[in-house]
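Biologist: I am new to this structure. Please show it to me, and then I will ask about its parts.

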Number of protein chains: 2
Amino acid sequence: MQLPAQYRQLIECFDALPGIGPRAAARMAQHVLEHDSGERLQQAILTARRTLQHCCCCRTYSDLSICPLCTDDERSALHLLVVSGVEDQFRWEEAGYRGGYFVLHGLLSPVAGIGPRQLHLPDLKQRVETLVSAAESSSAENLLVKVVLESSVEADATGQFIEDMLAGFACRVQLLTPGQLAVDLQHARSFSAADHVPAGADK
Amino acid sequence: MQLPAQYRQLIECFDALPGIGPRAAARMAQHVLEHDSGERLQQAILTARRTLQHCCCCRTYSDLSICPLCTDDERSALHLLVVSGVEDQFRWEEAGYRGGYFVLHGLLSPVAGIGPRQLHLPDLKQRVETLVSAAESSSAENLLVKVVLESSVEADATGQFIEDMLAGFACRVQLLTPGQLAVDLQHARSFSAADHVPAGADK
């Protein structure tokens, strides 16, 4: 007995998702075949893939070529936060950070074939270059790039790579754990009279 | 900051799958946006939902209205195996069972709104009725319905419901654990000269 090819293919596709094994994949395949939520998922993937793109500046997901955060003049142009995913960006935004972002969408992993190009690190370099030349000469040295990644071998390697890549620029680069940045933000807020963290408060 | 609606909707759809939490859903959403496998998954769901149906006889997945197993004359018409999912059917087929099947696609669960109708138990009753009238009067009492479900509260209730539902029919109903059926099949095979289990060997 062979289960129909369309069914086996569906299981294989779910199985290819991160952290999903064959048993869970079979459960998901049955779910999308038996429930209307299956059609909703299919439509959601189609719509998201068709309409979402990476913001040309910070690389977050957006339905515009440049996202609303990157066109917001109220935000500090002297602070850049490098994070591994959009969920991290969302969390730091909620926590009160009001500078710029760069979303890597992953971490360096030679085993998985993820190198600097896959993470668009040349774009990050370009972005920092632009920020340095835009900053007035007096404030250029105040430009601060914070790299905040979870602790892992890949994260450490990625942070180190970014630090080395930006070594020659007129900016400071800090490698922080999420906890360190959280304390940093709290500190900045406790000294802040305004509702949002002002440009230079967290250094 | 709000992540784009299309992205949030994609996460919600993955989150609605069984056994998937919000964090895993976000990982999956990012995966389908970043990899070609996302388009493959979307296509696989579309194709499977469009082309697969439940076999009108045993309710397994098939791209035909009646599946190849149910039109196979070589199989015993005196044995019917009731299983909860197509994976179980596949396993028993691999193990050497050569009778008929009925796939429930779930278990009774009042909490989840799954009653006898959702499992198509009236169709199972109809199927047994047909088998009873098709069997020659001498062999009708040899008709054997085996209900093989994993052990759980829902499985016990489902087995009991089926046993009660078929109580008035000229057939025997056995509630077995998967282990008991496995021993049953092994026993049948050890006495069998042929490569497959003959019609009446396993009782």
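**Helices, contacts and loops**

Biologist: Which elements do the buried residues of helix 2 of chain A pack against?

Modeller: Within chain A, the buried residues of helix 2 pack against helix 1 (5-15) and helix 3 (37-51). In chain B their partners are helix 2 (22-34), helix 3 (37-51), strand 2 (61-62) and helix 4 (86-95). Helices (H or I, at least four residues) and strands (E, at least two) are DSSP runs, numbered from the N terminus.

Biologist: What should I know about the model and its numbering?

Modeller: This is a predicted model, in which local features need pLDDT of at least 70, side-chain atom pairs count only at pLDDT 80 or more, and totals for chains, interfaces and linings use all residues. Side-chain values use heavy atoms, without hydrogens and water; residues are numbered from 1 along each chain as its sequence is written, with chains lettered from A and ligands numbered from 1 in the order in which they are written.

Biologist: Which residues of helix 2 of chain A are buried?

Modeller: Buried means under 20% relative accessible area, exposed over 50%, partly exposed in between (1.4 Å probe, protein chains only). The buried residues of helix 2 of chain A are A:Ala24, A:Ala25, A:Ala26, A:Met28, A:Ala29, A:His31, A:Val32 and A:Leu33.

Biologist: At what angle do helix 1 of chain A and helix 3 of chain B pack, and how are they oriented?

Modeller: Axes are lines fitted to C-alpha atoms, for helices over the stretch in contact (heavy atoms within 4.5 Å), and angles run from 0 to 180 degrees between N-to-C directions. The axes of helix 1 of chain A and helix 3 of chain B are 9 Å apart, at an angle of about 150°. Angles under 35 degrees count as roughly parallel, over 145 as roughly antiparallel, 65 to 115 as roughly perpendicular and the rest as oblique. Helix 1 of chain A is therefore, relative to helix 3 of chain B, roughly antiparallel.

Biologist: What is the orientation of helix 5 and helix 6 of chain A?

Modeller: The axes of helix 5 (residues 121-134) and helix 6 (residues 153-165) of chain A come within 11 Å and cross at roughly 40°. Helix 5 and helix 6 of chain A are therefore oblique.

Biologist: Which residues make the contact of helix 5 with helix 6 in chain A?

Modeller: Helix 5 of chain A brings A:Leu121, A:Leu124 and A:Lys125. From helix 6 of chain A come A:Phe161, A:Ile162 and A:Met165.

Biologist: Is A:Arg59 buried or exposed?

Modeller: A:Arg59 lies in the loop between strand 1 (53-54) and strand 2 (61-62) of chain A. Its phi is positive, about 70°, although A:Arg59 is not a glycine. Most residues other than glycine have a negative phi. With 7% relative accessibility, A:Arg59 counts as buried.

Biologist: What is phi of B:His105?

Modeller: B:His105 sits in the loop between strand 4 (100-103) and helix 5 (121-134) of chain B. At 18% relative accessibility, B:His105 counts as buried. Phi of B:His105 is positive, near 55°.

Biologist: How many helices and strands does chain A have?

Modeller: From the N terminus on, the elements of chain A run α-α-α-β-β-β-α-β-α-β-α-β-α. That secondary structure comes to seven helices and six strands.
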